Amino acid sequence: MFLSLSIFAIWTDIHTLTTEITKTTKVDTKLKQIVLLRTLIQELQKERGLTNIYLSSKNKETLALLQKQRETLQNDIEKVASHIKSSELLCNINIIHTHVKDSSYTKVQAFKAYTHLIFNMMIETKKLLLFTNDQNIRNHFLIYQNTNFVQEYLGQLRAIIGGVLGEKKITRKQYVSIIQLQTLVENYISQTQQNILLTDSHIISPLQKKCFKQTNNIIHTLLQDKLSSIKTSPIEWFNISTCAIDSISDTMTKHLEHITQEIANKKAKELSSLYYHLFFWIFAIVISIVLSILLFNTNKKMLIKQKLLKDYKKAIDNSTIVSKTDKHGFITYANKAFCDISGYTQEELLGKPHNIVRHPDVDKKVFKELWSTIKKGKTWSGQVLNLAKNKTPYWVQASISPIYDNNNNLVEYIAIRHDITQIIELNKEIKNTQYELIYRMGESVESRSKESGHHIQRVAHYSKLLAHYYGLSNQEAETIFIASTMHDMGKIAIPDSILLKAAKLSNDEWEIMKTHSAIGYKILEGSNLPILKMAAEIAYGHHEYYNGQGYPRGIAKEEISIYARIVAIADVFDALISDRVYKKAWPLEKVVLLFEEESSRQFDPELVELFLANVHEFIKIKNQFED
């Protein structure tokens, strides 16, 4: 028996070690492919920029540079053809070249075609994270990913601004695109600097390079509507921005070198561990043989125990947290891992039902289904929230199976668990981070428009409270709390001369101001995140009127998103009840009268009724977040 167990243990241990070595090798192989892809991505980004300049100016000098760049890209593809699948890539590039050559592509179409191709190649780089759990490698690769996106968005800026300088004019769409791309660049640079703090690298930031500063100066000049003051030619811009992108590329190269070194170190450690384990198991085999000879004549009871051990092994192989109960559900065994995570000793657990670690928030239906399943002789699996002795909650992925003897009589139940608390908490942390970023973006937009200090906080709290009164779920109420902060996101594109004007706006200025709803929607639309989808609806609809007389679409009643109808009341209420630079706060009686008059005209009558019935609660929020 000892010999059999030893062989099984050896196979399991060696298999685990070789599997880890194989995984590390896959990471190394994938990294080499990414390095090759990165070269092609950089050349495609340059070609995109030159193509945009050429389509804008039809300049012979630009065409010559573009043809030279295409030759460079072709040579690079031929060099790496044996390492990556290049036939489809070549086909896609040739299609773009053909459309550009015969002028069947506009500048925008060519830009989108290149960008789509580049992003598909960049997605391949993300797959490296699927092959490794090593946190240090992951940290460096996250930095590489962020700088990869910085390089791409700078590349897009290079192309768009090259076209603007070539045509000597800028459209509203180009203006908004430049704002969005510059914001993305700054966000990714910020994330990269935070990720660098998690590593031991000392890599000099490329932000100090002269060309990087020149690039930023030109971008900020454009965003200040000073295109005519830019004396830089499209080719000069291309060279300056390429220098900045190359400085980012140098940083990426250094982080890839870190990853390469980490992988090499990991492989060396794994090989060393394999040799050590082989030596250990050879010694263990000798001991096992001796013990097997001594125990060869063990009585027949060992056969019964061996059968039980095989059944246990099936359940234990992939688990570290184990407990057993008798047929009535009372604990007969709890391993060390169970004691560690629950905080109870074995003495405290034995003879008790699993209710001892039950969390009060878990629905009783879960346990009813559990017992129904295992009493039928089946295995129950699911996620369960437990409560440790010190009242700390923890999550486990549990699998509970019945155990039978040789005569198929039920002997006991065995529960195998995996601690998934970190995964659950990480998901919560990611969601909270998303909410924090969105909230901060909303605050930054409001601060630019010189709104009152706590306006955005009050609108968020008003919206959440009114959502509860309306009967929306807790999840929707929490989401609208954050999404409402983005209701004026479109004001980021409104010129300061209009946005900050103290006097009454002219008709033309008012028409420009009204575009912020549609602009906000355009910025926020297209995301798969529920909170950004809601934010887009709110930005688009919070100036629509219930009777259809609002803007920008003139829709009415239920055509307007319920979330936008809620925020419309919250926004107007705070504007009226608070002091502004252009007016004093209205008395509550006057505010109530306005909402009564505008019910069914500007505002949803059902929401107005709920609001007015509880207006004292909204006043409490106003007082709590007084400017």
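**Close-up views of a predicted model**

Glu626 has a relative accessible area of 39% and is therefore partly exposed (buried means under 20%, exposed over 50%, partly exposed in between, with a 1.4 Å probe and protein chains only). This is a predicted model, in which local features need pLDDT of at least 70 and side-chain atom pairs count only at pLDDT 80 or more, while totals for chains, interfaces and linings use all residues. Residues are numbered from 1 along each chain as its sequence is written, and side-chain values use heavy atoms, with hydrogens and water left out.

**View A. Glu626 pairs with Lys622 in a salt bridge.** The closest N and O atoms of the two residues are 3.1 Å apart (a salt bridge is a side-chain nitrogen of Lys or Arg within 4 Å of a carboxyl oxygen of Asp or Glu). Lys622, at 11% relative accessibility, counts as buried. By this rule the count comes to 15 salt bridges.

**View B. Glu478 and Lys464 meet in a salt bridge.** Here the N to O distance is 2.8 Å. The pair links distant parts of the chain, with Glu478 in helix H15 (residues 474–483) and Lys464 in helix H14 (residues 455–470), 14 residues apart. Helices are DSSP runs of H or I with at least four residues, numbered from the N terminus. Glu478 counts as partly exposed at 35% relative accessibility, and Lys464 counts as partly exposed at 23%.

**View C. A salt bridge joins the side chains of Glu544 and Arg553.** Their N to O distance is 3.8 Å. Glu544 is buried at 3% relative accessibility, whereas Arg553 is partly exposed at 40%.

**View D. Helices H2 and H3 pack against each other.** Helix H2 (residues 60–80) and helix H3 (residues 87–101) pack at an angle of about 165°, with their axes 12 Å apart. Axes are lines fitted to C-alpha atoms, for helices over the stretch in contact, and angles run from 0 to 180 degrees between N-to-C directions.

**View E. Leu256 sits in helix H8.** With a relative accessible area of 5%, Leu256 is buried. The C-alpha atoms of Leu256 and Ile143 are separated by 9.5 Å, although the two residues lie 113 residues apart along the chain.

Terms used:
Helices (H or I, at least four residues) and strands (E, at least two) are DSSP runs, numbered from the N terminus.
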